[in-house]
Amino acid sequence: MSNSIWISDYDIVHRCKTDNFQLSVAAFPGKMNAKFLSQPKNWQVAEWNLEGIGNREEFYIRGNDLVERYTSDEDKLSTEIYSRVLPDLDGVELILSRQTSTLDSDAEMALKFRFDDANSVITMNATGQWNAPGLGHENRAELSDPMIVAIGCLDAIQYAVFAYPGDCASILAQRTNEETVEVTIPLFSLHLEKGVIRRSRIQFVRAEGKDAMEQLAAKYQAFCESEIPLTT
């Protein structure tokens, strides 16, 4: 695995590359944007972003982590994002936290994933079994227990988005056209008291082979049972 930082005239991009994927993270004014590319074909699987978080104040690479801190002068909120490559190199964990320097602040924000070449979308029911493919006649589903969406893409690999139990009330999966699926994860809906830090965890993982869906189910169970990871 390799980590690098590339600096242009417009933004700073972090690239982390493994045999299976490349993660690229860029900071723009008020926005973080990440792209996940399947290797070796360098084909974009998914893109996710956070908006309204202010300017990036600090960033550094530590081991398999990219650490970013953003500050919004408008609402006095600081946002910290860890983009952490998972130990088995099958995806990325996002550890997000927010802190305010004022009383009773509204810290809510939405993490949005977009898949532009989604062949299938599958959700899981409360018993841990996969539902039939699709999102119903409205092409959208609000998921609260469990919060997991699996996407089958053009590279014949299954990808999934996990939200850690209790970190948000629900997530929304919707197919916006024949090719595109969007997953919206609302975070930090509770108001923050001064100095309080709230944290949320999201995983984006991949699996391939005939038992790919069983692999994803096992990865989600392990995620739910995992301890809160250390950050620095």
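Colleague: Why is Arg114 called partly exposed?

Modeller: Arg114 has a relative accessible area of 29%. Buried means under 20%, exposed over 50%, and partly exposed in between (1.4 Å probe, protein chains only), so Arg114 counts as partly exposed. This is a predicted model, in which local features need pLDDT of at least 70, side-chain atom pairs count only at pLDDT 80 or more, and totals for chains, interfaces and linings use all residues. Residues are numbered from 1 along each chain as its sequence is written, and side-chain values use heavy atoms, with hydrogens and water left out.

Colleague: What makes the pair of Arg114 and Glu47 a salt bridge?

Modeller: The term requires a side-chain nitrogen of Lys or Arg within 4 Å of a carboxyl oxygen of Asp or Glu. For Arg114 and Glu47 the N to O value is 3.1 Å, and therefore the pair meets the definition. Arg114 belongs to strand 10 (residues 109-115) and Glu47 to strand 5, so the bridge ties together parts that are 67 residues apart in sequence. Strands here are DSSP runs (E, at least two residues), and helices likewise (H or I, at least four), numbered from the N terminus.

Colleague: Why does Glu47 count as buried?

Modeller: Its relative accessibility is 13%, and the class of buried residues ends under 20%; Glu47 is therefore buried.

Colleague: How do you know that Lys31 and Glu51 form a salt bridge?

Modeller: Their side chains meet at 3.9 Å, N to O, which is within 4 Å. Lys31 sits in strand 4 (residues 31-38) and Glu51 in strand 5, 20 residues apart. Lys31 is partly exposed at 26%, whereas Glu51, at 51%, is exposed. By this rule the count comes to ten salt bridges.

Colleague: What makes Asn49 buried, and which residues does Asn49 touch?

Modeller: Asn49 has a relative accessible area of 13%, so the residue is buried. Asn49 is found in strand 5 (residues 43-51). Leaving out residues up to four places away in sequence, Asn49 has contacts (heavy atoms within 4.5 Å) with Lys31, Met32, Asn33, Ala110, Leu111 and Lys112.

Colleague: What makes a set of residues a nonpolar core?

Modeller: A core consists of buried Ala, Val, Leu, Ile, Met, Phe, Trp, Tyr and Cys residues joined through side-chain atoms within 4.5 Å. The largest one has 47 residues, and those with the most contacts inside it are Trp48, Phe113, Phe115, Ile185 and Phe204. Apart from it lies another core, of 15 residues, including Ile122 and Phe162.
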